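Hi everyone, thanks for coming. Let me put the structure up, and then we'll walk through it together.

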Amino acid sequence: MSSSHTLRIQGSTPIDAIIFTAKALDPDVGANGQIDYQLMSQGPFSIDSSGQIQITGPLNQESYELRVLALDAGFPQLSSELEITVLVIEQELEPACGASDYRVEVREGSPPMSKLLQVQALLPGGKENPLRYRLRTDADAVGFSVEPETGWLYVRGALDRESREVYVLAVLASGGSGSRTATCTVRVRVTDENDNAPRLSEERYFMSISENRPPGEIVGRVSATDRDAGQNGRVTYRLPTQETAFSMHPHTGELSVRRSLDREHQATYQLLVMAQDGGAPPRSVTGTIHVSVLDENDNHPVFLHPSPGRETTVQIMEGKLSGAFVSSLLAKDADEGENGTVTYSLSGPWAERFTLHPHTGELRTATSIHHAERSLYTMSVQARDSGSPPRTAEAVLRIQVLGQLDFSRAVRQC
Ligand SMILES: [Ca+2]
Ligand SMILES: [Ca+2]
Ligand SMILES: [Ca+2]
Ligand SMILES: [Ca+2]
């Protein structure tokens, strides 16, 4: 019985490596079933009792022909033969990357076809068989290309760090006897350029603060963001025009008053605010802040009539019917709304003989007035605003009642 077998082993297979196990099957049992193996040919090989063939020396030939004899211990002795052709093949050449991990930085916005770096894979002894490079097509590779012959990596279009900062590319180098491929990893980091101006959270800010607040009181806050990195994205704030009433914190964006504000002097302010990044050159944006000064009840009503600070005398004719016009009171209040809304009242002895309209200030008789009964009424008039707490002003009004006789005399003298 004989059979044959062909083995392919690499020339670099180490000494002592087991390359084959011969197995002769013998149906006999006992001594007849014990098998002895013998290697009948020359070469750097040996076989042991279990049929394992080992390498015992360097493989210098391209091929070896081995004959294995399997003998049993019976009588008569039976044998079988196995022919093994050992082909020693060259090791397959595999390309290998020149670096385990390529790293490169590229400036954001670099123009298309900017060179990044050259990937070089090596093929041992394969100079006559050049490698070709290509990019593994994936999402990261979209913005890049590689020159097939040289391995130079390019950007295809300008990169935006604010969209993506790191790309991991796989450059495949293929060639060699076995068409093997080496995968070289390239990490591309996009460095920042100051290509974004800060953006204010609002184009126009509307803020308010009560009048009379102490210096340093915060009115409100502006904020801006900048998509760039580091100093290119660090925003500071300022009021670009000279402002005597307001100041801006450069880092927090807080607007505060430099002094107390007086609504009655100025009720609204419009300010420019500028947000600027720390790039070189810097980029900036401007917005506007509208500040409303809210009213406080910090003004008394002031009488225009009767004259404040001194007594005012008005004259009326006696005998007028109830409801006759006597005088009109007028007080002004510089405040706003309720704080500036004035109501009038009258006090003093005999005040019930007159009526004062609380809103119009019209003073009229409440009864028929006679000179003989009383010729002079001295009244206290009060103007009060509707603030909380209210403020008041007082004045003295003297009403002189002229008798018919006095009046005729007065007319005759004219
Ligand atoms: Ca910026
Ligand atoms: Ca940027
Ligand atoms: Ca007032
Ligand atoms: Ca006020």
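So, let's start with a question: how many C-beta neighbours does Trp350 have inside 10 Å? Trp350 has 15 of them, so it counts as partly exposed. On that scale, buried takes 20 or more other C-beta atoms within 10 Å of the residue's own, exposed takes 12 or fewer, and partly exposed is in between, with C-beta atoms placed from the backbone.

Quick housekeeping before we go on. This is a predicted model, where local features need pLDDT of at least 70, side-chain atom pairs count only at pLDDT 80 or more, and totals for chains, interfaces and linings use all residues. Residues are numbered from 1 along each chain as its sequence is written, while chains are lettered from A and ligands numbered from 1 in the order in which they are written.

Okay, the overall layout. The domain assignment gives domain 1 (2–89), domain 2 (96–191), domain 3 (199–294) and domain 4 (302–409); bounds like these come from an automatic or database assignment. The C-alpha centres of domain 1 and domain 3 are 93 Å apart.

Now have a look at one sheet. It's open, has 4 strands in the order β9-β16-β15-β12, and its pairing is mixed. At the edges sit β9 (102–107) and β12 (132–135), each pairing on one side only. From one strand to the next, the twist averages 30 degrees, an angle between N-to-C directions that can run from 0 to 180 degrees, with axes fitted as lines to C-alpha atoms. Strands here are DSSP runs of E, at least two residues, numbered from the N terminus, and two strands pair if DSSP finds at least two bridges between them. β9 and β16 (residues 180–191) run parallel and are joined by 6 bridges. Within that pair, Val106 stands opposite Val190 in β16.

Most residues other than glycine have a negative phi, and most peptide bonds are trans. Trp350, our opening residue, has a positive phi near 70 degrees, and it is in the loop between β30 (342–347) and β31 (354–356). Asn212 isn't a glycine either, yet its phi is positive, about 70 degrees. You'll find Asn212 in the loop between β18 (204–210) and β19 (218–221). Asn212 counts as partly exposed because it has 15 C-beta neighbours inside 10 Å.

And the cis bonds? One joins His305 and Pro306, with omega about 0 degrees, and Pro306 is in the loop between β26 (302–305) and β27 (312–317). Another joins Ser388 and Pro389, with omega about 0 degrees; Pro389 lies in the loop between β33 (376–385) and β34 (392–402).
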